[in-house]
Amino acid sequence: MEKSTLSKASVTEAEKVHKRTRARKRFLSFLPLYLMMIPGLVYLIINNYLPMAGLVIAFKKIDYSLGIFKSPWVGLKNFSFLFSNQDAIKAMLNTVLYNLAWIVLGNVLAITVAIALDTVRSKYLKKVSQVIILIPYLLSTVIVSYIVYAFLNPTNGFMNNTLLPLFGITEKIKWYNEPKYWPAILTIVYLWMSFGYSSILYYSTVISIDKSLYEAAVMDGATTWQQILHVTLPGLKFTIITLVLLAVGRICFSDFGLFYQIPQHSGLLYKTTQTIDTFVYRALLELNDVGRSSAAGFLQSILGFIMVFTANQLVAKVDRESALF
């Protein structure tokens, strides 16, 4: 009995030693990868996690003589700034509505272009097309603002002097004084700048779809539209869901450069061009209140998380495999 107990103990100890040895060998085999991971982790901690201590600014009245952590607490007072007047509420509404429109129109346009690219047979023409549609995405917003101004200049712009007269409109429109035109203008500019990148992402998915599925569809007598509807779009489903969920996460944010630079920060256009980001920026310039600016960013992040989580749960109820988490 005693020998049996000693034998079991020695076997258990041997197993422990073997596991430790195997774990050590496994660690050493992956050591180069761990070392390569260190710079990325350091950057992630410094750039993404350490600044989170600054979230306390959203709940304080910053006194520069006292510093961040010794400044007095004001609770949720900074957040009430975003709901204090009609301009702030209008800015929030503009932000959400613009993003909703862009999510729908942007993805439809990008998918259409991706499918069109897949039909191009010439490799040279296909590469040239990809470069051309990607160029606007790489341009600075400042450069784009000058391009837009060249079109909309009230005196000698392309729209007033060339395009509108073709349709019999001779009266020159003061584009930078009329808010009603800017929802369409900003939407067109945004789609022009962003569709190239999104279409490349969709195109990379389209070319990975099994070509035998198209061949089978053709043999069954499917038209081009039916092939797109029953083969291409189902193949793009996961990519569409992923990009839409990511866009939903930023539904409370806006492209600051687009809404500030493109309209030439004209006060006459605030009704349709002011968003949360530009509203907070202008308020920060006027009031020099860092706490309110921080509260706006904090609220945007919280709302973005809630939107992504909610949208993902809805997707999971319909199709569990298509959800992100």
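Helices here are DSSP runs of H or I of at least four residues, strands are E runs of at least two, and both are numbered from the N terminus. With that, the fold reads simply. From the N terminus on, the elements run α-α-α-α-α-α-α-α-α-α-α-α-α. That is 13 helices and zero strands.

A word on the source. This is a predicted model, where local features need pLDDT of at least 70, side-chain atom pairs count only at pLDDT 80 or more, and totals for chains, interfaces and linings use all residues. Residues are numbered from 1 along each chain as its sequence is written, and side-chain values use heavy atoms, without hydrogens and water.

Now overall dimensions. The C-alpha trace spans about 110 × 75 × 40 Å along its principal axes. Of the 325 residues, 35% are buried, meaning under 20% relative accessible area with a 1.4 Å probe, protein chains only.

Next, one helix pair. Two packed helices are described by the angle between their axes and the distance between the axes. Take H9, residues 224-249, and H13, residues 290-318. Their axes come within 7 Å and cross at roughly 150 degrees. Axes are lines fitted to C-alpha atoms over the stretch in contact, with angles from 0 to 180 degrees between N-to-C directions. H9 and H13 are therefore roughly antiparallel, the word for angles over 145 degrees.

Who touches whom? From H9 come Ile-241, Leu-245, Val-248 and Gly-249. They meet Gly-304, Met-307, Val-308, Ala-311, Asn-312 and Val-315 of H13. Contact means heavy atoms within 4.5 Å.

Conventions. Parallel < 35°, antiparallel > 145°, perpendicular 65-115°, else oblique. Buried < 20%, exposed > 50% of the residue type's maximum accessible area, 1.4 Å probe, protein only.
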